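Subject: Structure handover

Hello,

Here is the structure I promised to pass on. Please open it first, then read my notes below.

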Amino acid sequence: MRVGALLSLRKRAAVGAFWLLLALVAACRSPAAETDASTVDAGTDATAVLVDADATSEDASDTQATDVAALDLVDTGPPIGCPPDPTPTWAGMSVQTSPFQGAPVPGDDCAWPGWASPPAQTAADWTRVTADLGLNDVGRVDLCLIWQDVTGDGQEDLVTLLQPTTSIAPRTLLIAAGGANGQLTVKTYATNLHANPSDCGVADLDQNGTLELVVTTNIGVTILSLDAAAPGGDVTAQFGAFNKSPSRTVTPMDFDSDGDVDLYITDAVEFTSAFQCIAADDDYWMCCVPPFDLTCMKAKKGQADLHSCCDVKAMTGTQYLFRNDGGKFVDVSQAQAFKTGFMETVSPFDLDRDGALDFFGGEDFGEHGWYRRENGGYAYHGTDWGLRPYAHLMGSVVADFDLDHNVELVIADIGADTIYSAGAQGFKDASKQWGLWTLTRNTVTWAELAVDLDNDGWLDLMTTTSLRALDDKMHEAANKDPSAFSPGFSMVHHNLGKTFLGQQLPWSEPMNSEFNPPTVAALGDYDQDHDLDLFILEPGSKLVVWRNNTPPGAHWLVVKPVGPHGPVLNALVQVWSQGHVLERWIQTSTGFGAHQQGIAQFGLGNVASLDLVRIWWPNGVVTDSVQPAVDQVLTFSQPGK
């Protein structure tokens with residue numbers, strides 16, 4: 001997943017000084033757990049099919065105890081083995097980045113592809129538990145779902161905003177506090193927020209030990225306090241001047257790796273709701289950027305079930321990067337050479353592992369591409385890296401789904417979603433291989449999350465949807481024809497190694513006549529059984545919680561890299577075993593409407609012993625834990641440099 005790994009599709013041999021070191025410090029590998037590298041692609045020939053996941057299951061109460069270890073380890077010195085690969089050949093990649101705080105991450109070139117445990121052949125089982133948690137009657141929920149410890153008691157909590165019941169009432173802050181018994185204690189707090197939220201994020205913006213909730217709305221950015229003394233209070237003014245134009249999305253990120261949280265914010269735009277939808281083949285691309293040109297979309301006959309849509313009006317928007325200077329935010333968009341345009345989704349990810357945070361950005365009805373840190377600013381790469389010139393991106397996520405050390409990029413769309421795989425010259429459409437076009441061809445999708453839902457070590461894909469059309473009826477559905485709607489569902493794409501198995505999570509209420517009600521999601525282990533549950537906002541602003549009923553047995557590990565003020569964004573966590581490596585980048589927002597906790601949650605499958613847990617901190621320090629036990633939570637405090 002670093003520069004060299006992006007260029008290499010071959011298997012890496014577990015050789016060199018790194019593994020000589022592990023041979024000395026990790027002589028206790030379990031022979032029973034050894035897996036030949038040829039088994040890591042299990043499931044390659046499986047066929048992606050739809051299965052019904054509306055069944056119930058008994059409560060997974062037989063969970064394993066969590067052994068919390070608070071570790072404050074020191075720098076292990078220079079990394080051993082796995083040196084960086086040669087400079088890649090992607091367009092613009094030869095440009096040298098300017099020096100700034102952060103450190104290159106050499107990482108995984110001497111690792112075998114795959115994982116020492118094959119992908120599970122059956123998907124997780126799910127039960128809808130919204131009513132059991134006292135959340136069934138909270139009312140209509142805004143586009144804001146966060147699962148994070150905001151009360152400071154060590155238990156994660158659900159944070160959201162409730163829509164008012166009258167036109168003159170403000171929003172209400174809801175905090176459902178998590179407990180050791182797997183129950184939630186729901187409390188609400190008044191706010192003076194009268195605007196309509198479209199996205200949110202949580203961070204300790206001023207580093208005073210309490211968290212803030214950043215909300216983008218139709219009248220600009222609002223920041224609400226989550227301090228226990230006055231939750232819901234408007235503290236926007238203390239953080240400086242934000243744009244007052246309608247705002248669409250917010251992404252907390254530490255773009256300069258200085259340890260505080262910066263904010264990436266995009267403006268909202270007006271849609272015409274005049275859509276033109278056509279059928280397209282597997283390798284279609286679109287030129288809907290006005291002037292509207294139907295022939296440029298390269299539609300082909302015989303593919304009536306694969307559609308894409310264009311809005312026939314030009315749209316403009318502005319994106320902003322606000323740098324955090326001691327709790328005051330400064331607009332540095334111009335200084336960072338940002339490309340002007342409307343962005344719906346932003347996925348932070350150090351694509352080339354050079355220590356400088358890059359991020360993917362996609363427009364709804366427009367372009368999509370990468371913002372790579374180059375020469376002190378950001379350079380934009382889209383079609384030059386193999387991406388299509390046009391799509392309708394409501395969500396996105398970056399992850400290595402097949403564990404070949406080359407990242408995949410998934411983009412949500414109107415009609416079939418797309419999954420790109422990184423290769424020698426850039427990205428290539430791999431949707432057909434993964435079965436993604438078939439699974440999403442008649443849907444409008446939003447939040448995309450890469451998460452291991454069955455603890456087998458292989459990341460699954462979770463997608464929320466706001467519309468499902470009948471076959472060959474996407475055009476009619478996009479234009480709000482109720483007769484074209486089909487019963488809706490969110491989708492879990494179970495990872496079989498090289499393809500996805502589709503699993504439906506049916507909506508709790510039927511679709512009405514809307515086309516564009518966004519749907520968002522958050523991940524969290526509310527019942528503390530060491531698998532991840534789903535918090536989803538469905539069409540109609542309905543909050544739904546799905547409990548993950550993965551049976552006990554698969555091993556797991558949770559790693560929490562923390563600094564003085566919470567999760568350390570941009571930290572990279574590696575777990576090594578038997579010549580293989582799993583990796584997680586620490587971020588709290590991985591794309592529009594997709595929120596995570598800022599921790600590294602690993603399923604391990606049948607791997608019962610680990611060789612190494614390594615954290616690459618954004619300040620250049622490397623922390624190792626040798627032969628840690630599985631089935632525990634490890635908390636690492638960031639060392640100084």
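Are W90 and F427 buried or exposed? Both W90 and F427 are buried. Buried means under 20% relative accessible area, exposed over 50%, and partly exposed in between, with a 1.4 Å probe and protein chains only.

Before the rest, some ground rules. This is a predicted model, so to speak of local features we need pLDDT of at least 70, side-chain atom pairs count only at pLDDT 80 or more, and totals for chains, interfaces and linings use all residues. Residues are numbered from 1 along each chain as its sequence is written, and side-chain values use heavy atoms, with hydrogens and water left out.

Aromatic pairs

The whole structure holds 19 aromatic pairs. Rings of Phe, Tyr and Trp (its six-membered ring) pair if their centres lie within 6.5 Å; planes under 30 degrees apart are stacked, over 60 edge-to-face, and the rest tilted. The rings of W90 and F427 have centres 5.3 Å apart and planes at 65°, so they are edge-to-face. This pair links distant parts of the chain, 337 residues apart. W90 sits in the loop between β2 (68-71) and β3 (126-128), and F427 in strand β26 (residues 427-429). Strands here are DSSP runs (E, at least two residues), numbered from the N terminus.

F427 also pairs with Y420: centres 6.5 Å apart, planes at 75°, so again edge-to-face. Y420 is buried, at 1% relative accessible area. F427 has 6%. W90, F360, W370, W385, Y420 and F427 form one aromatic cluster.

Disulfide

There is 1 disulfide (a pair of cysteine sulfur atoms within 2.5 Å). C144 and C200 form it, with their sulfur atoms 2.1 Å apart. C144 is in strand β4 (residues 141-148) and C200 in strand β8, 56 residues apart. The link is right-handed, with 95° about the S-S bond. Both C144 and C200 are buried.

Salt bridges

Side chains of opposite charge can pair when their charged atoms come close. The structure has 10 salt bridges (a side-chain nitrogen of Lys or Arg within 4 Å of a carboxyl oxygen of Asp or Glu). Among them are these:

- K560 with E156, closest N and O atoms 3.9 Å apart. K560 lies in strand β34 and E156 in the loop between β4 and β5 (157-162), so the bridge ties together parts 404 residues apart in sequence. K560 is partly exposed, at 21%.
- R248 with E344, closest N and O atoms 2.5 Å apart. Both R248 and E344 are buried.
- R353 with E583, closest N and O atoms 2.9 Å apart. R353 is in the loop between β17 and β18 (359-362) and E583 in strand β37 (residues 580-585), so this pair joins parts 230 residues apart in sequence. Both R353 and E583 are buried.

D352, R372 and E374 are linked in a network of salt bridges.

Largest pocket

The largest pocket has a volume of about 1,100 Å³. A pocket is an open set of points on a 1 Å grid over the protein atoms alone, where a 1.4 Å probe fits, with protein on both sides within 12 Å along at least five of seven lines. The volume is the space filled by probe spheres set on the points. Of its 48 lining residues (an atom within 4 Å of a point), the closest to the centre are Q148, L211, H565, G566 and P567. β34 gives the largest share of the lining, 4 residues.

Best wishes
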